[in-house]
Amino acid sequence: MNNEKEKNNKNHKEEPIREEEKEEPCCPECAGKEKKDDYNALWEKYMRTCADFTNARKRWDRDREELIKFSTSSLIRDLLIVLDESEQALKMVKEHGNIEEIIKGLEMAYNNFVNLLKKRGLTPIESIGRFFDPHLHEIIATKEVDDVTDKPLVLEEIQKGYMLEDKVLRPSKVIVGIEKQNVENKEEKKEEKEDKTKDNNSQNKDSI
């Protein structure tokens, strides 16, 4: 009796374990229904994903608008000091009219304003006496000079330029010096031009 049980157990262990097979649809109608259900499930999932993305984009847009709106708040708060000093200077003008006190108040407001901008990364472009740099300077006019240099020098500054960190915020408008053209040089260049014109005309005649 025990031998028979052992044989049955042995035969039971040797049988391969079969994975559960997916039931096949019994008819074409059932197969079409299953495909339709799968499609509807995927479509609902897609629509939920689109809705989540749309809501997230709206939140991003609102956050960006808030950031842009209040990005200058710290700068404006610092500028209030300059505004207060300007109002104080105007008050002194109306009440006293003391020129020295007015100048002193204006200089104080100006210096505080410059220091504030320096803290924000603004620095003036040094121009006068420097070689002309097209990246930093904009030529407004030229003046003839006796001294000749390899590069034109900046003689005057019409409008100061500024750098914001390492970028040019506004180039300086300047007047640069060029080589002075005296009468003799002008006559020599005029004669050279006439000689070149005669040579070109003679060459054209020979070729004909």
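Helices here are DSSP runs of H or I with at least four residues, numbered from the N terminus. The model is predicted.

**Aromatic pairs in and around helix α2**

Helix α2 covers residues 28-70, and both Trp43 and Tyr46 lie in this helix. The two residues are three positions apart, about one turn of the helix. Two aromatic pairs are counted in the model. In one of them, Trp43 and Tyr46 are tilted, with 40 degrees between the ring planes and 5.5 Å from centre to centre. The other joins Phe53 and Trp60 in an edge-to-face arrangement, at 6.4 Å between centres and 85 degrees between planes.

The table lists the pairs.

| Pair | Centre to centre | Angle between planes | Class |
|---|---|---|---|
| Trp43 and Tyr46 | 5.5 Å | 40 degrees | tilted |
| Phe53 and Trp60 | 6.4 Å | 85 degrees | edge-to-face |

**Packing of α3 and α4**

Helix α3 spans residues 73-95 and helix α4 spans residues 99-119. Their axes come within 9 Å and cross at roughly 170 degrees. Angles over 145 degrees count as roughly antiparallel, so α3 is roughly antiparallel to α4. On the α3 side, the contact is made by Asp78, Leu79, Val82, Glu85, Ala89, Met92 and Val93. The α4 side contributes Glu101, Ile102, Leu106, Met108, Ala109, Asn112, Phe113 and Leu116. Sorted by class, this contact has 11 nonpolar residues, three charged residues and one polar residue.

**Two loop residues**

Arg130 sits in the loop between β1 (122-124) and β2 (137-145). With a relative accessible area of 45%, Arg130 is partly exposed. Which residues does Arg130 contact, leaving aside its neighbours within four places in sequence? They are Pro152, Leu153 and Val154. The C-alpha atom of Arg130 is 8.4 Å from that of Leu155, a residue 25 positions away along the chain.

Glu165 is in the loop between β4 (162-164) and β5 (167-170). Its phi is near 60 degrees, a positive value in a residue other than glycine. Glu165 counts as exposed, with a relative accessibility of 57%.

Notes. Residues numbered from 1 in each chain as written. Predicted model: local features only at pLDDT ≥ 70, side-chain atom pairs only at ≥ 80, totals over all residues. Heavy atoms only, no water. Axes fitted to C-alpha atoms, helices over the stretch in contact; angles between N-to-C directions. Parallel < 35°, antiparallel > 145°, perpendicular 65-115°, else oblique. Contact = heavy atoms within 4.5 Å. Nonpolar A, V, L, I, M, F, W, Y, C, P; charged D, E, K, R; others polar. Phe/Tyr/Trp six-rings, centres within 6.5 Å; stacked < 30°, edge-to-face > 60°. Buried < 20%, exposed > 50% of the residue type's maximum accessible area, 1.4 Å probe, protein only.
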